[in-house]
Amino acid sequence: EGDAGEEDAFSGALRDAYDNTRDGMIKFASTLPEEQIDSGVAAQSAEDVEAVAGSYYSAGSETVGMEVRMVTGSSSDAEDIVDQIDGGLAQAEETVEDDDMIALLDSVESSRDGSTAVVTFEAEVDTIVDGVEALGPLMGGFGGGTGGFSSSVAGPAESYGAVAAPRANPA
């Protein structure tokens with residue numbers, strides 16, 4: 001364990017990515033170390049990402065969202081990422097038949113902001129619940145079966161996150 005003040009400052013591309021992310025209940029920023037990137041077409045674009053930042057937020061009483069910003073070195077790199085995301089969404093919409101899952105896919109938008117690729121997901125809570133319930137059987141169920149969701153990260157990623165305390169209900 002190091003002494004206070006011995007760590008690198010939270011600055012540079014990571015800090016800029018964090019600062020440019022919309023406010024939300026949870027904000028985060030992280031780098032993508034090259035040794036964590038697999039091979040393939042998506043990996044080629046991931047290599048161009050200098051930092052990833054995002055937030056989970058609420059928009060009104062019944063709508064929640066997530067924004068993810070992928071900072072790259074150029075606008076063409078960001079456009080390549082947006083094109084891959086749009087292509088993946090179009091392919092998914094062609095193959096998915098369930099209306100609840102289609103509603104989830106329709107809630108995803110991608111755009112480019114200079115050299116940053118931006119993905120936003122925003123939907124009413126009921127739409128999310130219905131979509132996840134429809135997705136569960138396709139993934140082998142949640143918490144069991146042969147499918148489900150999992151995530152793992154290993155390696156020297158530099159990251160920062162903050163959780164905003166919920167505001168007290170004045171009512």
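## Salt bridges

Asp-19 and Arg-15 form a salt bridge in this predicted model, with their closest N and O atoms 3.1 Å apart. A salt bridge here is a side-chain nitrogen of Lys or Arg within 4 Å of a carboxyl oxygen of Asp or Glu. Both residues lie in helix α1 (residues 12-19), four residues apart, about one turn of the helix. Helices (H or I, at least four residues) and strands (E, at least two) are DSSP runs, numbered from the N terminus. Asp-19 is partly exposed at 42% relative accessible area, and Arg-15 is partly exposed at 32%. Buried means under 20% relative accessible area, exposed over 50%, and partly exposed in between (1.4 Å probe, protein chains only).

The structure holds four salt bridges. One of them joins Asp-23 to Lys-27, with the closest N and O atoms 3.9 Å apart. Asp-23 counts as exposed at 62% relative accessibility, whereas Lys-27 counts as buried at 12%. Another joins the side chains of Arg-112 and Glu-79 (3.0 Å, N to O). That pair links distant parts of the chain, with Arg-112 in strand β4 (residues 108-113) and Glu-79 in helix α3 (residues 75-95), 33 residues apart. Arg-112 is partly exposed at 40%, and Glu-79 is partly exposed at 30%.

## Strand pairing around β3

Strand β3 (residues 63-72) is mostly covered, with eight of its 10 residues buried. Strand β2 (residues 49-58) pairs with β3 in the antiparallel sense over nine bridges; pairing requires at least two DSSP bridges between two strands. Val-49 stands opposite Thr-72 in β3. The hairpin of β2 and β3 has four residues between the strands, and Gly-60 takes a positive phi near 90° there.

β3 also pairs with strand β5 (residues 116-124), in the antiparallel sense and over nine bridges. The bridge partner of Val-64 in β5 is Ala-123.

## Negative surface patch

Glu-62, Asp-98, Asp-99, Asp-100, Glu-124, Asp-126, Asp-130 and Glu-133 gather in a surface patch of negative charge. Patch residues have over 30% relative accessible area and no salt bridge, and like charges are joined within 9 Å. α4 (99-106) and α5 (125-138) each supply at least two of the patch residues. The largest share, three residues, comes from α5. Asp-126 is found in α5 and counts as exposed at 51% relative accessibility.

## Basis of the values

Residues are numbered from 1 along each chain as its sequence is written, and side-chain values use heavy atoms, with hydrogens and water left out. In this predicted model, local features need pLDDT of at least 70 and side-chain atom pairs count only at pLDDT 80 or more, while totals for chains, interfaces and linings use all residues.

How values were computed:
Patches are made of residues with over 30% relative accessible area and no salt bridge: like charges are joined within 9 Å, nonpolar side chains (Val, Leu, Ile, Met, Phe, Trp, Tyr) within 5 Å. Accessible areas come from the Shrake-Rupley method with a 1.4 Å probe; for residues, only the protein chains shown count as cover. Lys and Arg count as positive and Asp and Glu as negative; His and the chain ends are not counted. The place of a charge is taken as NZ of Lys, CZ of Arg, CG of Asp or CD of Glu.
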